[in-house]
Amino acid sequence: MPVKIAVNGYGTIGKRIVDAVLSNKDFRLVGIAKYRVDYSAYLAARKGIPIYVPRERASEFREAGLEPHGYVDYLFEEADLIYDASPGGKGAGNKKIYESYGKPGVFQGGEEPGVAELSYSTLCNFEEALNKKYVRVVSCNTTGMLRLLCTLHREYGVKRALSVIIRRAADPKEDQRGPVNSILLDPPSIPSHHGLDARTVAPWLDIVTAAAVVPTTLMHMQFIEVELSTQVNRGDVVELLDGINRFLLVESASTGIDSTSKVMELARDSGRPRGDIYENIVFIDSLSINASRLYLFQGIHQESIVIPENIDVAYAMLGIESDPLKVMERVDSTLGIGG
Ligand code: NAD
């Protein structure tokens with residue numbers, strides 16, 4: 001029997017979780033909670049997605065020609081698992097509602113770690129999420145770093161890491177955010193919060209992160225330096241990453257792809273929905289090894305990178321499948337990753 005899913009919040013992350021759920025036969029979407037009438041409500045209605053609204057907002061939706069499927073309390077009552085995709089910081093308040101219905105929930109990286117029993121990233125701690133009731137999938141940059149660092153740690157041991165993050169200023173729809181013509185140190189101090197966030201998942205990780213925001217909306221770029229416990233061979237590292245679908249290795253010399261804009265064009269030309277790229281884009285020409293030190297650049301598509309982990313974690317929390325490799329294989333095939 002498919003697991004019944006509710007998605008609370010239908011913005012950048014919520015709408016992508018919805019599409020991932022709709023494409024996966026292990027799940028059935030009960031519906032979404034919408035709080036405002038906007039274009040995405042009309043599009044969801046046109047796609048046949050059941051829209052649930054707060055009681056006090058129902059008349060606004062009706063006046064706009066959108067008959068709600070029901071009230072949000074029905075949605076939560078009906079679901080086996082609730083995805084919280086609300087704006088960062090609202091999840092803690094929402095959790096009280098989920099608890100009142102006795103329903104498990106998946107939170108996003110904009111929440112404080114304390115909102116959940118566990119901060120999560122599949123390649124690091126899938127097993128810890130088994131049968132947990134509340135889990136937080138870490139943010140886009142942290143997910144990208146952790147995929148890489150946990151993979152390297154498992155194979156070679158990671159002694160320490162440095163990540164310099166060139167952050168996108170805003171998502172493409174966020175026309176009110178900046179900077180427009182500046183490079184903003186965000187935060188001005190070192191370390192940035194990203195390393196601390198990574199340690200909520202991987203407490204063994206000795207990492208320093210620094211971040212600056214640049215005027216782009218497409219992707220983040222991370223420069224990563226890792227000191228491994230052993231000397232490694234570049235070819236072995238390439239083979240290791242190439243063997244895991246969550247990494248997409250891009251060779252700039254032969255493809256001409258040496259920027260985030262060209263990566264996005266590749267995704268659009270490949271027919272990826274919305275031009276989404278769920279994988280870490282590893283710019284393979286940048287992967288350099290000096291004895292036990294490894295250096296590389298990787299691109300992170302902030303809007304979509306956390307979607308696979310959001311779906312993976314449901315398999316663990318609900319005890320559907322306990323083998324992370326089988327889960328990733330299933331989720332990757334439904335999202336069109338790898339292959
Ligand atoms: P968003 O602003 O695009 O969407 C949030 C949606 O939640 C909106 O549709 C809003 O109307 C709705 N909403 C408002 N109040 C609500 C409430 N009380 N309960 C439920 N929904 C409510 O935000 P987003 O970018 O999708 O971010 C959602 C979460 O995902 C945040 O924690 C964020 O930090 C995290 N995240 C975002 C990105 C990204 O790049 N956008 C990447 C990774 C993680």
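Trainee: Which backbone has a polar atom 3.0 Å from an oxygen atom of the ligand?
Mentor: That of T12, where a polar backbone atom sits 3.0 Å from the ligand oxygen. Keep in mind that this is a predicted model.

Trainee: What does the side chain of K173 do with the ligand?
Mentor: An N or O atom in the K173 side chain is 2.6 Å from an oxygen atom of the ligand.

Trainee: And how much of the ligand does the protein bury?
Mentor: The protein buries 84% of the 830 Å² that the ligand exposes when taken alone.

Trainee: Which ligand atom does D171 reach?
Mentor: A nitrogen atom, which is 2.6 Å from a polar side-chain atom of D171.

Trainee: How many residues surround the ligand?
Mentor: There are 20, and the closest are T12, I13, G110, D171 and K173. By type, the shell has six nonpolar residues, 10 polar and four charged.

Trainee: Which pocket is the ligand in?
Mentor: The ligand takes up the space of the largest pocket.

Trainee: Changing topic, how is the chain divided?
Mentor: Into domain 1, covering 3-138 + 306-335, and domain 2, covering 140-300. Their centres, taken over C-alpha atoms, are 26 Å apart.

Trainee: How many residues does each domain put into the contact?
Mentor: Domain 1 gives 25 residues and domain 2 gives 20 residues.

Trainee: Back to the ligand: which domains supply its shell?
Mentor: Domain 1 and domain 2 each supply at least three residues of the shell.

Methods: Residues numbered from 1 in each chain as written. Predicted model: local features only at pLDDT ≥ 70, side-chain atom pairs only at ≥ 80, totals over all residues. Heavy atoms only, no water. Near = heavy atom within 4 Å. Polar contact = N/O pair within 3.5 Å; in protein donor to acceptor, adjacent residues only side chain to side chain. Areas by Shrake-Rupley, 256 points an atom, 1.4 Å probe, with all protein chains shown as cover. 1 Å grid on protein atoms, 1.4 Å probe; cavity = no way out; pocket = protein on both sides within 12 Å on 5 of 7 lines; lining within 4 Å. Sits in = over half its atoms within 2 Å of the grid points. Nonpolar A, V, L, I, M, F, W, Y, C, P; charged D, E, K, R; others polar. Domains from an automatic or database assignment. Contact = heavy atoms within 4.5 Å.
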